[in-house]
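Here are some notes from my pass through this model. Have the viewer open as you go, and treat each point as a place to look.

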Amino acid sequence: MEKIRDFEKIAEEKCCEATEQKHWKLGKTEFKECISPSIDIVSRALQTDMVIPNWVNFVDKIRTLFNECKDIRDGQVASYIPQLARQSPDLWAVSLCTVDGQRASFGDVKHTFCVQSVSKAFNYAIVASDLGADVVHSYVGQEPSGRLFNEICLDSKNKPHNPMVNSGAIVITSLIKNKNNMADRFDYVLNQYRKIAGNEYIGFNNATFLSERATADRNYALSYFMKENKCFPKETESLTDALDFYFQLCSVEVTCESLAVMASTLANGGVCPTTNETCIASNKEKRCAITYVLLWNV
C-alpha cells in the first residue's frame, strides 16, 4: 500500500491534480514492484490460505458488534491520573491484526492514546528476551497476588507477585538496560516498541508523564517498601529515576492500529506479522502472553 501511494503521488504530480484511485491503473512493472515485498501474503490471500480464510464475513461480524456497542455510554474514563480524566468518552475504535497480517479497523483508530498498564506486558517481554526468564524471575514472581494491583505487599519470598501488578512492573523496568543512562534506556525501549508495532505509530505524551509523576505517592510508597526489602537490582541507585522510567513507559502513545500489530506480534511467537522481523526471543513471548492473560489486575 505504501508503494501504491507513492505511485499515486507521482500520477497526481504528472497531471497536476488529485485523481480517484479507481480512475488510474498500475502498469505491469509498477504492479510487480508493489506486490514483491509482500508476495507471500498476497499469494496466500489469493489461495484463501490465511489464518481466517473467510475474512470478509469475519470482518462483517466484527463491524456489526462494533456498531451495536457504539452507543453504549456506561462506565467512566480513568481518573486516577488527572490527564487521563480529560480524555473524551466519545472515542470508540476497534482494530484487528491477525498473526499473518490480515487487517481491519473501525472508528477512531488513528486517535493516539497512552498504553498505561498495557506497557507491562511488552516491558516484560523485552526484558525476558534480553536477560532470560530465569534472571527476571529471580526478582519478580509469576503467581497471582489475590490483591489489588497497587497494593503494598510482596510474596512469601519478599518479591513482587508477578510482572503485571505495579510492584512487579516497576522492578521489571528497573532491569531494562540498567547499566545505560536514562536517555539511552528510553530510546532503546521506544525502538523495541516500534519493531514490535511493525514501525507503525509509537509516540510519547509528556503531559501524561508529568501528570502521572505528580500523583505518584502510592507508587513511591510501594517502591520504598521494595527498596527496604532489597527487591531492586544493585544498579538501581535512584528510586526517582526508576519511577520516572516506569512512568515514561506508561506514557508511550499508540493508536488502535499500531497496538493491534503489537498484540499480534506477541501472538505470533514474537515475530511481527507485518514485517516478518523477530522482535522477541523464542518462547519468551509465550510466557509473556500467558502471564498477561492470567495475571492482569490479579
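1. A cut-off to begin with: a residue is buried when its relative accessible area is under 20%, exposed when it is over 50%, and partly exposed in between. Phe186, at 16% relative accessibility, therefore counts as buried. Keep in mind throughout that this is a predicted model.

2. Now the overall picture. The protein has 298 residues, and 42% of them are buried. It holds 14 helices and five strands. Along the principal axes, the C-alpha trace spans about 70 × 40 × 35 Å. Of the contacts with a separation of 6 or more, 68% are between residues 24 or more positions apart.

3. Back to Phe186 and its partner. How many aromatic pairs does the structure hold? There are seven. In one of them, the ring centres of Phe186 and Phe204 are 5.3 Å apart and the planes stand at 75°, so this pair is edge-to-face. It ties together distant parts of the chain, with Phe186 in helix α9 (residues 182–196) and Phe204 in strand β4 (residues 203–204), 18 residues apart. While Phe186 is buried at 16%, Phe204 comes out at 30% relative accessibility and so counts as partly exposed. Elsewhere, ring pairs join Phe66, Trp92 and Phe106 into a cluster.

4. Next, α6 against α8. Helix α6 (residues 119–131) packs on α8 at an angle of about 45°, and the axes are 9 Å apart. That angle makes α6 oblique to α8, and the crossing is left-handed. On the α6 side the contact uses Lys120, Asn123, Tyr124, Val127 and Leu131, while α8 brings in Asn166, Ala169, Ile172, Thr173 and Leu175. By type, the residues of this contact split into six nonpolar, three polar and one charged.

5. Compare that with α11 and α12. Helix α11 (residues 217–228) and helix α12 (residues 239–250) have axes that come within 11 Å and cross at roughly 130°. This makes α11 oblique to α12. The crossing here is right-handed. From α11, the residues involved are Asn219, Tyr220, Ser223, Tyr224 and Lys227; they meet Leu239, Thr240, Leu243, Tyr246 and Phe247 of α12. The contact of α11 with α12 divides into six nonpolar residues, three polar and one charged.

6. The loop between α7 and α8 deserves a look, starting with Val140, which sits in it. Is Val140 buried or exposed? With 0% relative accessibility, Val140 counts as buried. Setting aside residues up to four places away in sequence, Val140 touches Lys159, Pro160, Asn162, Pro163, Gly168, Val171 and Ile172. Among these, Ile172 also takes part in the contact between α6 and α8. Val140 and Phe232 are 92 residues apart in sequence, yet their C-alpha atoms are 9.7 Å apart.

7. His161 is in that loop too, between α7 (133–136) and α8 (166–175). His161 has 13% relative accessibility, so it counts as buried. Which residues is His161 in contact with, leaving aside neighbours within four places in sequence? They are Gly141, Gln142, Glu143, Pro144, Ser145, Cys153, Leu154 and Asp155.

8. A couple of backbone angles to check. Most residues other than glycine have a negative phi. Gln116, though not a glycine, has a positive phi of about 50°. Gln116 lies in the loop between β3 (113–114) and α6, and at 9% relative accessibility it counts as buried. Asn199, also not a glycine, has a positive phi near 65°. Asn199 is in the loop between α9 and β4 and counts as exposed, with 59% relative accessibility.

9. Last one: Ala207, in helix α10 (residues 206–214). At 35% relative accessibility, Ala207 counts as partly exposed. How far apart are Ala207 and Ser251, and what is their separation in sequence? The C-alpha atoms of Ala207 and Ser251 are 8.6 Å apart, for a separation of 44 residues.

Conventions: Residues numbered from 1 in each chain as written. Predicted model: local features only at pLDDT ≥ 70, side-chain atom pairs only at ≥ 80, totals over all residues. Heavy atoms only, no water. Axes fitted to C-alpha atoms, helices over the stretch in contact; angles between N-to-C directions. Helix = DSSP H or I, 4+ residues; strand = E, 2+ residues; numbered from the N terminus. Parallel < 35°, antiparallel > 145°, perpendicular 65-115°, else oblique. Left-handed = near helix turned anticlockwise from the far one by under 90°. Contact = heavy atoms within 4.5 Å. Nonpolar A, V, L, I, M, F, W, Y, C, P; charged D, E, K, R; others polar. Buried < 20%, exposed > 50% of the residue type's maximum accessible area, 1.4 Å probe, protein only. Phe/Tyr/Trp six-rings, centres within 6.5 Å; stacked < 30°, edge-to-face > 60°.
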